Amino acid sequence: MRSSRGLDRGSTGPLVVLLALIALLGGCAGVATAPPPPPVPPVALAASVAPGAVDVAPAEPLVVSAAGGRLTSVTVTPAGGQALAGTPDPAGTRWTSPALAYGTEYRVQAAGVDEQGRPGTPLDQTFRTVAPEETLGIASIRPTDGQTVGVAMPISITFDAPVTDRAAVERRVSVETSVPTEGSFRWMSDEQLNWRPKEYWRPGTQVSVNARLFGVDSGEGVYGEEDRSFAFTVGRDQRARGDVNEHTLVLYQDGQELRSLPASYGRDIYPTQFGVHVAFEKHEVKRMRSDTWGGPGEGQPGFYDQNLPLAVRISNNGEFVHVNPDSVSAQGRRNVSHGCVNLSPANGRFFYDWVQMGDPVEIVGSSRPLTTRDGDIADWTIPWEEYRQGSALAST
């Protein structure tokens, strides 16, 4: 018979092994040890321009930022100049420079600390902005700054050179209105960018235009010369409606008929074109020659060269509303002009004093339409959806 004591000694072997394993695994079974917390990453400093970059377009300011901490100092110095006076954000994580200059090398130095106050690796780099051989400037604007205009006046910016990258330029032009106004840009040519509302402006609307063009690459190495801003006000609602067959020019103000003026329009061979014209120039006296708009030349039947009073230009194809004493007997009865709207001296003076630049002059009943080829302000001859497609950003 075996001894029970021997059996007890033999049974302790597995127990010893189990206890040893528990000790190696960290103590009592079922109790896990928490992993150590991950290390806090150091503050990371970065500039919005890559180190050593050249030919940088200065359309946007330089931004220096700190991730995982805050900036303690930023110095941006143009070669041979004074450090730029930048603007930090309240949290101290972002510093923004003023406008950069063309053809300049900048040194960027920055320091920062992480959330526990430990300093990170300092930033020290340089870059150079582009020195353009050609720049793009604004030759003219319409309306002019501070002007009060009629409800049909579009916004026009005319550049002094063709724009190759229309989208890049258009992105930098904004239109802000005091009341919600649906509108769109349209490139009328490579040199002219327009904007008009879908419908006529609401009277009293305040409009601000901001063209942030400095530093913008407009294509083929031509860069924006300067920023330009202007503002204008939409005046009272005034409209004129000319009926070629009724021989009248009816004036409306704030939706009410104000006065009906007898008028004479273009004879059959030179019809006044139908469509929405826009008043945009006033002349106390205007010299008019028929050969300046494609009419009869000197020595041909119908040629004229006259100084005519109280002339309001309504298109660039030679159409005016003006006084013509020689056609008074025909006014209200028949059409005898070369395409202009003729009024008597008294009625012409009333219209001249009343009309605002930007008032619509809608002609109806004619045999020939006004088109984009006929006028400096042809925006209203283009259907709205087609107009919108003239934006370089229409598909973006």
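**Close-up views of the predicted model**

View 1. Asp254 sits in the loop between strands E19 and E20; a strand is a DSSP run of E, at least two residues long, numbered from the N terminus. The structure is a predicted model, in which local features need pLDDT of at least 70 and side-chain atom pairs count only at pLDDT 80 or more, while totals for chains, interfaces and linings use all residues. Residues are numbered from 1 along each chain as its sequence is written, and side-chain values use heavy atoms, with hydrogens and water left out. E19 (residues 248-253) and E20 (residues 256-262) pair in the antiparallel sense over 6 bridges; two strands pair if DSSP finds at least two bridges between them. Leu251 has Arg259 in E20 as its bridge partner. The two strands form a hairpin with 2 residues between them. Asp254 is not a glycine, yet its phi is positive, near 55 degrees. Most residues other than glycine have a negative phi. Because its relative accessible area is 51%, Asp254 counts as exposed (exposed means over 50%, buried under 20%, and partly exposed in between, with a 1.4 Å probe and protein chains only).

View 2. His247 is found in the loop between strand E18 (238-243) and E19. Its phi is positive, about 60 degrees, although His247 is not a glycine. With 13% relative accessibility, His247 counts as buried. Pro143 lies in the loop between strand E9 (138-142) and E10. The peptide bond from Arg142 to Pro143 is cis, and its omega is near 0 degrees. Most peptide bonds are trans.

**View 3. An open sheet of 4 strands.** The strands stand in the order E10-E17-E15-E12, and their pairing is mixed. E10 (148-149) and E12 (173-177) are at the edges with a single partner strand each, so one side of each has no neighbour in the sheet. E15 (residues 206-211) and E17 (residues 228-234) pair in the antiparallel sense over 6 bridges. Val209 stands opposite Phe230 in E17.

**View 4. The largest nonpolar core and Phe351.** A nonpolar core is a set of buried Ala, Val, Leu, Ile, Met, Phe, Trp, Tyr and Cys residues joined through side-chain atoms within 4.5 Å. The largest one has 53 residues, of which Phe159, Leu249 and Phe351 touch the most other members. Leaving out residues up to four places away in sequence, Phe351 touches Ala240, Leu249, Leu251, Leu261, Val312, Val321 and Leu343 (contact means heavy atoms within 4.5 Å). A second, separate core has 18 residues, including Val64, Leu71, Val74 and Leu100.

View 5. Arg313 in E23 is the bridge partner of Glu281. E23 is also joined to E24 (residues 320-323), by 2 bridges, and this pair runs antiparallel. Val312 stands opposite Val321 in E24. The hairpin of E23 and E24 has 6 residues between the strands, and Gly318 in this hairpin takes a positive phi near 100 degrees.

**View 6. The second largest pocket.** A pocket is an open set of points on a 1 Å grid over the protein atoms alone, where a 1.4 Å probe fits, with protein on both sides within 12 Å along at least five of seven lines; lining residues have an atom within 4 Å of a point. This pocket holds about 180 Å³ of space, counted as the space filled by probe spheres set on the points. The lining has 12 residues, and Lys286, Arg287, Arg289, Thr292 and Phe320 lie nearest the centre. The lining divides into 4 nonpolar, 4 polar and 4 charged residues.

**View 7. Gln273 and its contacts.** Gln273 has its place in the loop between E20 and strand E21 (275-278). Because its relative accessible area is 7%, Gln273 is buried. Not counting residues up to four places away in sequence, Gln273 touches Asn317, Glu319, Ile363, Ser366, Arg368, Pro369, Leu370 and Asp374.

**View 8. Ala44 in strand E1.** E1 covers residues 44-47. Ala44 counts as partly exposed, at 41% relative accessibility. Leaving aside neighbours within four places in sequence, Ala44 is in contact with Ser65, Ala66 and Ala67. Ala44 and Val355 are 311 residues apart in sequence and 63 Å apart in space, C-alpha to C-alpha.

Definitions and conventions: Ala, Val, Leu, Ile, Met, Phe, Trp, Tyr, Cys and Pro count as nonpolar, Asp, Glu, Lys and Arg as charged, and the others, Gly among them, as polar.
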